[in-house]
Amino acid sequence: MSGIYPALRDLLAAQEPVVLATVIEGPNAGAKLMATGADDVVGSLGDADLDRVVTRDALGELAAGRTGVRAYGEHGEAREDAVRVFIETFAPPPKMIIFGAVDFTAALARAGKLLGFRVTVADAREVFATPRRFPMADEVLVEWPNRVLERVGPLLGPADAVCVLTHDNKFDVPALMGAVETKVGYIGAMGSRRTSDEREVRLRAEGMTAEQLDRIMAPIGLDIGSRTPEETAISVCAEIIARRTGKLAPSLRDGAGPIHA
């Protein structure tokens with residue numbers, strides 16, 4: 001067990017997802033097991049079969065971001081209560097990457113922070129991408145979208161979001177081409193229906209597949225009649241939630257006609 005705490009400290013400092021399982025009732029009370037993956041396990045709960053079952057369940061809880069208590073038999077049997085294990089997940093906050101330092105960006109960054117996202121604003125134009133304009137963001141980058149995604153793309157997962165607000169193909173296209181190559185859960189792009197249609201032509205010309213195009217919510221946001229930056233930010237965040245939870249909601253992408261009444 002002595003090696004668990006230093007390793008846990010280092011993982012938390014690096015904001016890496018990790019799960020810690022502790023026997024709270026039954027044989028070997030106090031025994032701990034820590035896992036970041038099926039093949040990356042430290043410690044033991046005192047029984048190899050129990051370790052295997054708890055590791056499987058703990059990684060499932062980590063993926064879902066849940067913490068709680070589970071009961072097992074002494075060897076990991078289901079529907080028994082000889083051993084109770086506290087499974088504690090440590091997952092870094094979900095990431096929201098906003099490409100484009102435009103008028104709508106500040107409102108979306110504020111809404112993202114309210115929902116618990118770690119917000120990054122990125123724009124290749126140094127005069128616009130400044131911490132002074134976006135003090136609510138955790139990170140402001142002066143960098144092209146493809147370079148940002150080359151670095152952070154492999155770390156993105158189902159809970160994360162990429163929002164492209166630039167309205168400019170030289171930024172939009174590389175941002176979206178990079179985003180669809182990741183496992184990010186939400187990809188949205190701002191623009192009118194005409195802009196979205198023209199951008200789709202460019203993306204197809206760059207080699208984007210129909211399946212990849214289907215991941216992009218464009219025009220971005222739910223169809224709730226939003227007009228101001230703040231209202232638009234609410235519609236985008238609501239769409240992110242709906243996509244994550246699998247709930248049906250009236251997305252602008254699925255409608256017709258002008259997006260502003």
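Me: What is the handedness of the crossing of H3 and H8?

Reply: The crossing of H3 and H8 is right-handed. This is a predicted model. A crossing gets that name if the near helix is turned clockwise from the far one by less than a right angle.

Me: Which residues make the contact of H3 with H8?

Reply: On H3 they are Asp103, Phe104, Ala107, Leu108, Arg110, Ala111 and Gly112. On H8 they are Pro229, Glu230, Thr232, Ala233, Val236 and Cys237. By class, the contact has eight nonpolar, two polar and three charged residues. Gly counts as polar here, and Gly112 is in the contact.

Me: What makes H4 and H5 roughly parallel to each other?

Reply: Their angle is about 15°, with the axes 8 Å apart. The cut-off for roughly parallel is under 35 degrees, so H4 and H5 qualify. Their crossing is right-handed. H4 contributes Pro145, Asn146 and Leu149 to the contact, and H5 contributes Phe171, Pro174, Ala175, Gly178 and Ala179. That contact has six nonpolar, two polar and no charged residues.

Me: In the open sheet of six strands, what is the order and what is the pairing?

Reply: The order is S8-S7-S6-S9-S10-S11, and the pairing is parallel.

Me: What makes S8 and S11 edge strands?

Reply: Strand S8 (139–142) and strand S11 (216–217) each pair on one side only.

Me: How many bridges let S10 and S11 count as a pair?

Reply: Strand S10 (residues 186–189) and S11 share two bridges, in the parallel sense. Pairing takes at least two bridges, so S10 and S11 meet the cut-off. Ile187 has Ile216 of S11 as its bridge partner.

Me: Which strands does helix H5 touch?

Reply: Helix H5 (residues 169–179) packs on the sheet and touches S6, S7, strand S9 (161–164), S10 and S11. The direction of H5 makes about 165° with that of S9. Roughly antiparallel means over 145, so H5 falls in that class relative to S9.

Me: What is the order of the open sheet of five strands?

Reply: The order is S3-S2-S1-S5-S4, with antiparallel pairing. Strand S3 (40–43) and strand S4 (68–72) are the edges, each pairing on one side only. From one strand to the next, the twist averages 25°.

Me: Why is strand S1 called mostly covered?

Reply: Count the buried residues. In S1 (residues 18–25), six of the eight residues are buried. Buried means under 20% relative accessible area.

Me: Which strands pair with S1, and over how many bridges?

Reply: S1 pairs with strand S5 (residues 83–90) over seven bridges, in the antiparallel sense. Val23 stands opposite Val85 in S5. Four bridges join S1 to strand S2 (residues 32–37), also antiparallel. Ala21 has Leu33 of S2 as its bridge partner. S1 and S2 form a hairpin with six residues between them, and Gly26 in the turn has a positive phi of about 105°.

Me: Which strands does helix H1 lie across?

Reply: Helix H1 (residues 4–13) lies across S1, S2, S3 and S5, at about 35° to S2.

Notes: Residues numbered from 1 in each chain as written. Predicted model: local features only at pLDDT ≥ 70, side-chain atom pairs only at ≥ 80, totals over all residues. Heavy atoms only, no water. Contact = heavy atoms within 4.5 Å. Axes fitted to C-alpha atoms, helices over the stretch in contact; angles between N-to-C directions. Parallel < 35°, antiparallel > 145°, perpendicular 65-115°, else oblique. Buried < 20%, exposed > 50% of the residue type's maximum accessible area, 1.4 Å probe, protein only.
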